[in-house]
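Colleague: I am new to reading folds, and I would like to go through this one step by step. Could we begin as soon as the structure is on the screen?

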Amino acid sequence: MPEGEGLALYAAAAEAAALGLPLLEVGTYCGRSTILLADAARAAGVTALTVDHHRGSEEQQPGWEYHDPAVVDPEVGRMDTLPTFRRTLHAAGLEDHVVALVGRSPQVAAVWGGKLGFVFIDGGHTDEHANGDYEGWAPHVAEGGLLAIHDVFPDPAHGGQAPYRVHLRALESGAFTEVSATDSLRVLRRTGAGI
């Protein structure tokens with residue numbers, strides 16, 4: 001995540017934290033954006049939640065551009081970013097402000113019962129995964145809460161289109177209104193019912 005997007009993400013999380021509700025991220029990877037949410041949560045006295053299966057998204061698998069063999073568990077032969085994520089939180093001194101939910105986003109969303117002040121969608125970039133994240137978590141965004149979507153690229157030459165289509169879907173629903181755009185990060189406020 002570029003610095004400008006990180007600063008915008010932090011500002012949005014800090015604003016949403018004022019609602020007194022948890023902040024949630026979909027797509028932890030190694031925890032870089034998690035520390036931004038966790039710091040905003042700490043300052044407001046709320047909790048940051050992060051959801052990931054820690055096996056890597058499609059573009060992080062062997063043979064793909066973002067594959068990092070250093071996070072492959074040699075015993076099982078699959079990616080496992082959970083230990084790196086835990087070290088990231090420890091180094092930042094933010095372990096006490098984060099609850100890591102390890103599992104697939106739609107499964108975790110299906111058992112989540114509460115409202116959220118902030119949802120940051122930055123998980124898998126296929127239509128299936130991006131829509132699953134949106135459908136699972138957007139209903140939990142409280143009135144006045146914020147929905148942030150990362151990797152929104154209107155021009156297909158700049159990146160995948162699934163997050164862009166989810167962004168358009170959120171706007172077309174009438175439930176969300178865009179409040180900021182910083183490079184590929186879009187922040188929307190819940191202003192109506194539905195998804």
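Colleague: Which residues in H5 meet which residues in H6?

Modeller: Please keep in mind throughout that this is a predicted model. The axes of helix H5, residues 127-137, and helix H6, residues 162-172, come within 8 Å, and their crossing is right-handed. On the H5 side the residues in contact are Asp 127, Ala 130, Asn 131, Tyr 134 and Glu 135, and in H6 they meet Ala 162, Pro 163, Arg 165, Val 166, Arg 169 and Ala 170.

Colleague: How do the residues of the contact of H5 with H6 divide into nonpolar, polar and charged?

Modeller: The H5 part of this contact includes Ala 130 and Tyr 134, beside Asp 127 and Glu 135, and the H6 part includes Pro 163 and Val 166, beside Arg 165 and Arg 169. Taken over both helices, the contact residues divide into six nonpolar, one polar and four charged.

Colleague: Which residues are buried in H6, and why do they line one face of the helix?

Modeller: An α-helix has 3.6 residues a turn, so residues three or four places apart point the same way. When one looks down the axis of H6, its buried residues fall within an arc of 145 degrees, and they therefore line one face of the helix. The residues of H6 that are buried are Ala 162, Pro 163, Val 166, His 167 and Ala 170.

Colleague: What do the buried residues of H6 pack against?

Modeller: The helix as a whole lies across E7, E8 and E9, and runs at about 140 degrees to E8. Its buried residues have a helix among their partners as well, for they pack against H5, strand E7 (141-149), strand E8 (176-182) and strand E9 (185-190).

Colleague: In what order do the seven strands of the open sheet stand, and why is one side of E5 and of E8 left without a neighbour?

Modeller: Strands of a sheet pair through backbone hydrogen bonds, either parallel or antiparallel. In this sheet the pairing is mixed. Strand E5 (98-102) and E8 stand at the edges with a single partner strand each, so one side of each has no neighbour in the sheet. Read across the open sheet, the order is E5-E2-E1-E6-E7-E9-E8.

Colleague: How is E7 joined to E6 and to E9, and which residue in E9 is the bridge partner of Leu 146?

Modeller: Strand E6, residues 116-121, runs parallel to E7 and is joined to it by five bridges, with Val 119 having Leu 147 of E7 as its bridge partner. E7 and E9 run antiparallel and are joined by four bridges. In E9, the bridge partner of Leu 146 is Arg 189.

Colleague: What separates the C-alpha atoms of Pro 2 and Asp 183?

Modeller: Pro 2 lies in the segment before helix H1 (3-17), whereas the place of Asp 183 is in the loop between E8 and E9. Along the chain they are 181 residues apart, yet the distance between their C-alpha atoms is 8.9 Å.

Colleague: Which residues is Thr 191 in contact with, leaving aside its neighbours within four places in sequence?

Modeller: Thr 191 lies in the segment after E9 and counts as partly exposed, at 42% relative accessibility. Its C-alpha atom is separated by 6.5 Å from that of Thr 177, 14 residues apart along the chain. Beyond its sequence neighbours within four places, Thr 191 is in contact with Glu 143, Gly 174, Ala 175, Phe 176 and Thr 177.

How values were computed:
Residues numbered from 1 in each chain as written. Predicted model: local features only at pLDDT ≥ 70, side-chain atom pairs only at ≥ 80, totals over all residues. Heavy atoms only, no water. Axes fitted to C-alpha atoms, helices over the stretch in contact; angles between N-to-C directions. Helix = DSSP H or I, 4+ residues; strand = E, 2+ residues; numbered from the N terminus. Left-handed = near helix turned anticlockwise from the far one by under 90°. Contact = heavy atoms within 4.5 Å. Nonpolar A, V, L, I, M, F, W, Y, C, P; charged D, E, K, R; others polar. Buried < 20%, exposed > 50% of the residue type's maximum accessible area, 1.4 Å probe, protein only. Arc of directions from axis to C-beta. Pairing = 2+ DSSP bridges.
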